[in-house]
Amino acid sequence: MTVKTHLKLVILFLLILACFTHRCKSLCRFSSSENLRDGEIKGMFVFGSSLVDNGNNNFLDTKAKADYLPYGIDFPNGASGRFTNGKNVVDLLGEQLKLPSLIPPFMDPATKGSRIVEGVNHASGSAGILDDTGSVAGNATSMNQQIKNFEEVTLPDLEAQLGCKSSESLPNYIFVIGIGGNDYVFNYFLRKTFLTVGLERFTSYLISSLSKQLENLYKLGARKFVLTTIYPIGSSPMVNLNQPNCSACSKALNVAAAVYNIHLKSLVEDIKPRMPGSNFVVVNTYDIVKDIIDNPASKGFSDTTNACCTVKSAEQGGTGVSCERGGQVCADRNSHVYFDGLHPSEAVNIQIATKAYASNLESEVYPINVKQLAEL
């Protein structure tokens with residue numbers, strides 16, 4: 001063996017050793033036949049409540065379900081567990097990002113193997129930042145449990161599929177977190193916590209809990225975050241259905257949402273030094289939806305107060321939120337802001353997702369939009 005040949009073999013051995021020691025990026029594959037460029041968005045992991053749930057509650061013992069008509073009346077596959085007439089914000093954001101398929105729900109037994117490489121949706125209708133928030137409707141997967149499921153089930157499967165550590169692959173995924181409203185509607189106000197705990201104190205506790213949850217996701221490898229504010233929940237049909245003519249009720253809920261949203265924006269500014277390399281987008285759904293409610297005609301809407309589907313109030317034996325199973329539904333769903341007593345129509349979701357992705361207005365996205373986040 002010549003010195004030159006020996007030298008080549010030594011170099012080759014060192015390269016192979018380095019590859020196995022550092023888990024070569026070339027081994028980190030997006031699919032069995034495709035490698036993606038560094039920085040390209042591979043998919044989304046979703047956490048939160050019914051606004052971003054796409055079917056997890058179908059598999060849970062809970063009253064918070066949307067697996068029946070008229071939910072999904074405009075969705076390609078019919079009722080799927082999405083709490084709207086068609087696509088939700090996550091579906092539409094995925095289209096903006098040109099993801100190849102819809103993100104599958106974690107609870108679906110089929111969500112494993114190659115199906116998870118574009119992401120997994122862990123969100124659960126009625127869930128909250130706090131563990132006990134969703135119990136009013138039955139079983140719900142809290143935010144803490146969603147993260148635990150992600151860590152213990154999704155990540156090992158993802159590593160096996162991609163052939164590399166999650167810390168190498170997760171920076172190219174977007175983490176969407178849409179949660180918080182239920183902690184006020186079904187916890188702070190419904191349980192009358194407000195009688196003993198002030199709004200600022202409760203909100204500070206919520207934000208502190210969310211901060212720990214975001215840091216846990218960061219430790220697992222997440223780097224790109226999209227957070228949604230709470231929209232004006234006091235303006236939803238649910239309030240008037242369950243508390244007719246209670247303007248104070250509506251105002252209290254909207255004030256709570258506004259206070260939370262201010263704290264959320266501050267959280268993003270405060271948390272970045274503790275999470276080097278992380279980037280955030282805060283989607284101001286409050287202002288986006290409020291603008292539609294205040295100026296409906298200019299946005300293509302005509303009904304800002306009524307649910308598109310038939311909703312029974314609590315007094316009528318319902319919840320004031322859910323569509324009546326097999327009940328009547330409005331003909332022009334694109335003109336309604338709300339599909340049921342609490343959740344926006346697909347037409348509103350389109351507005352939110354479009355602005356989240358491309359708006360340059362700080363009143364709608366902060367400090368950057370999702371398109372810019374994806375390019376980082």
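**Exercise 1. Find which element gives the largest share of the lining of the largest pocket, and describe that lining.**

Step 1. The element is α5, which supplies four residues, the largest share of the lining. Helices (H or I, at least four residues) and strands (E, at least two) are DSSP runs, numbered from the N terminus. The model is predicted: local features need pLDDT of at least 70, side-chain atom pairs count only at pLDDT 80 or more, and totals for chains, interfaces and linings use all residues. Residues are numbered from 1 along each chain as its sequence is written, and side-chain values use heavy atoms, with hydrogens and water left out.

Step 2. The volume of the largest pocket is about 800 Å³. On a 1 Å grid over the protein atoms alone, a pocket is an open set of points where a 1.4 Å probe fits, with protein on both sides within 12 Å along at least five of seven lines; lining residues have an atom within 4 Å of a point. Grid points are joined across faces, edges and corners, and the volume is the space filled by probe spheres set on the points.

Step 3. There are 29 lining residues, and Val185, Phe186, Leu190, Met238 and Asn242 are the closest to the pocket centre. Two or more residues come from each of α5 (181–189), α7 (237–242) and α8 (247–271).

Step 4. Sorted by class, the lining holds 17 nonpolar, 10 polar and two charged residues. Here Ala, Val, Leu, Ile, Met, Phe, Trp, Tyr, Cys and Pro count as nonpolar, Asp, Glu, Lys and Arg as charged, and the others, Gly among them, as polar.

**Exercise 2. Describe the second largest pocket in the terms of Exercise 1.**

Step 1. The second largest pocket contains about 280 Å³ of space. Its lining has 17 residues, with Ser236, Pro237, Asn240, Leu241 and Thr305 nearest the centre.

Step 2. α7, α8 and β6 (303–307) each give two or more residues to this lining. The largest share, four residues, is from α7.

Step 3. The class count is seven nonpolar, 10 polar and no charged residues.

**Exercise 3. Locate the nonpolar cores.**

Step 1. A nonpolar core is a set of buried Ala, Val, Leu, Ile, Met, Phe, Trp, Tyr and Cys residues joined through side-chain atoms within 4.5 Å. Buried means under 20% relative accessible area, exposed over 50%, partly exposed in between (1.4 Å probe, protein chains only). By this criterion, 54% of the 376 residues are buried.

Step 2. The largest core has 89 residues, and Met44, Phe175, Ile177 and Phe225 have the most contacts inside it. α8 gives the largest share of this core, eight residues.

**Exercise 4. Is leucine 170 buried or exposed, and what does it touch?**

Step 1. Leucine 170 sits in the loop between α4 (166–169) and β3 (173–178). Its relative accessible area is 0%, so leucine 170 is buried.

Step 2. Contact means heavy atoms within 4.5 Å. With neighbours within four places in sequence left aside, leucine 170 contacts Phe45, Phe150, Leu155, Leu158, Phe175, Leu220, Gly221 and Ala222.

Step 3. Leucine 220 is 50 residues from leucine 170 in sequence, with 8.4 Å between their C-alpha atoms.
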